[in-house]
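Please open the structure in a viewer and keep the selection tool at hand.

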Amino acid sequence: ISATSRHLTGRSVAWIGGLLIAVIVAMAASDIVRSHRVDVEETVRELETQARIIAEQTARSVQAVDIVLRHIADEFRRGRLARLSATELHAYLNEQSVGLVQIDGFAMHDAKGDAFAISWVPAGTEVNAGDFEAFRAVRDDPKSGLFVSHATRSPVDQKWVIPLARRLETSTGQFAGAIGARGRIDYFQDFY
């Protein structure tokens, strides 16, 4: 074998070796990119599933409170709560909130926003809700249904809460006030 052919063979081996290394690096890079895409897609799917679970749990929590708010509003419309004294109404609202850990309790206000009773404060505590977004929303819209307000600070104890409210009506359909619940932000923070 001549020196030239040995030189070409040595050069060829170097080129083939370099090409082999380049192919291995390209394949490794391709695997890394593909693996990254798969991981990102799996993470997105898991986050979407988690978001759906959290949204469903939150909806169920609010729905449970709304069932009781509707019940109290129906009792009010039928006139059954008018017979109760302020102390009895306070006790009634306390009873209705048993087991609803996502709220602090219920508050019932007249058409001006003055409290009939608030279950989480002592009976007879004077509070006016007339300036609150939730009260105005159910007062101004006869078809409002459940209104969930933005998080706000309670004027009673400065605690951050989520007000939920339903309209109270007389037996003739006239606005008579609001029944509300004070959603506990700390409950949702701890739960999630």
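This is a predicted model: local features need pLDDT of at least 70, side-chain atom pairs count only at pLDDT 80 or more; totals for chains, interfaces and linings use all residues.

Select Met-108 and then Ile-179: Ile-179, in strand 6, is the bridge partner of Met-108.

Strand 1 (103-110) and strand 6 (residues 175-184) pair in the antiparallel sense, over six bridges. How much of strand 1 is buried? Seven of its eight residues are buried, so strand 1 is largely enclosed by the rest of the structure.

One place to look is His-109, whose bridge partner in strand 2 is Ala-115. Strand 1 and strand 2 form a hairpin with four residues between them. In its turn, select Gly-113, which has a positive phi of about 100°.

**Strand 5 and its partners**

Return to strand 6 and select strand 5 (160-169). Nine bridges join strand 5 to strand 6, and the two run antiparallel. Within this pairing, Leu-168 stands opposite Gly-177 of strand 6. The two strands form a hairpin with five residues between them, and Gly-173 in the turn has a positive phi of about 90°. Eight of the ten residues of strand 5 are buried, so strand 5, too, is largely enclosed by the rest of the structure.

Strand 4 (residues 152-153) is the next selection; two bridges join it to strand 5, and the strands run antiparallel. Thr-152 stands opposite Val-161 in strand 5. Here the hairpin of strand 4 and strand 5 has six residues between the strands, and Gln-158 in the turn has a positive phi of about 65°.

Strand 3 (residues 147-148) also runs antiparallel to strand 5, joined by two bridges. Select Val-148 to find its bridge partner in strand 5, Leu-164.

**The nonpolar cores**

Which residues have the most contacts inside the largest nonpolar core? Select Ile-72, Leu-93, Phe-106, Met-108 and Ile-179; the core has 20 residues. Helix 1, helix 2 (86-96), strand 1, strand 5 and strand 6 each supply at least two residues of this core. Its largest share, six residues, comes from helix 1. Another core, of seven residues, lies apart from it; Phe-135, Ala-165, Phe-175 and Ala-178 are among its members.

**Aromatic pairs**

The structure holds three aromatic pairs. Keep Phe-135 and Phe-175 selected: they form an edge-to-face pair, 5.8 Å centre to centre with 70° between the planes. Phe-135 lies in helix 3 (residues 133-140) and Phe-175 in strand 6, so the pair ties together parts that are 40 residues apart in sequence. Both Phe-135 and Phe-175 are buried.

Move on to Tyr-187 and Phe-188. The ring centres of Tyr-187 and Phe-188 are 5.0 Å apart and their planes stand at 80°, so this pair is edge-to-face. Are these two residues buried or exposed? Tyr-187 is buried, and Phe-188 is buried as well.

**The surface of helix 1**

Finally, turn to the surface and select Leu-19, Val-23 and Met-27. These residues form a nonpolar patch there, with about 300 Å² of accessible area together. Met-27 is found in helix 1 (residues 3-77). Why does Met-27 count as exposed? The relative accessible area of Met-27 is 53%, and exposed means over 50%.

Technical notes: Residues are numbered from 1 along each chain as its sequence is written. Side-chain values use heavy atoms; hydrogens and water are left out. Patches are made of residues with over 30% relative accessible area and no salt bridge: like charges are joined within 9 Å, nonpolar side chains (Val, Leu, Ile, Met, Phe, Trp, Tyr) within 5 Å. Accessible areas come from the Shrake-Rupley method with a 1.4 Å probe; for residues, only the protein chains shown count as cover. A salt bridge is a side-chain nitrogen of Lys or Arg within 4 Å of a carboxyl oxygen of Asp or Glu. Buried means under 20% relative accessible area, exposed over 50%, partly exposed in between (1.4 Å probe, protein chains only). Rings of Phe, Tyr and Trp (its six-membered ring) pair if their centres lie within 6.5 Å; planes under 30 degrees apart count as stacked, over 60 as edge-to-face and the rest as tilted. A nonpolar core is a set of buried Ala, Val, Leu, Ile, Met, Phe, Trp, Tyr and Cys residues joined through side-chain atoms within 4.5 Å. Two strands pair if DSSP finds at least two bridges between them.
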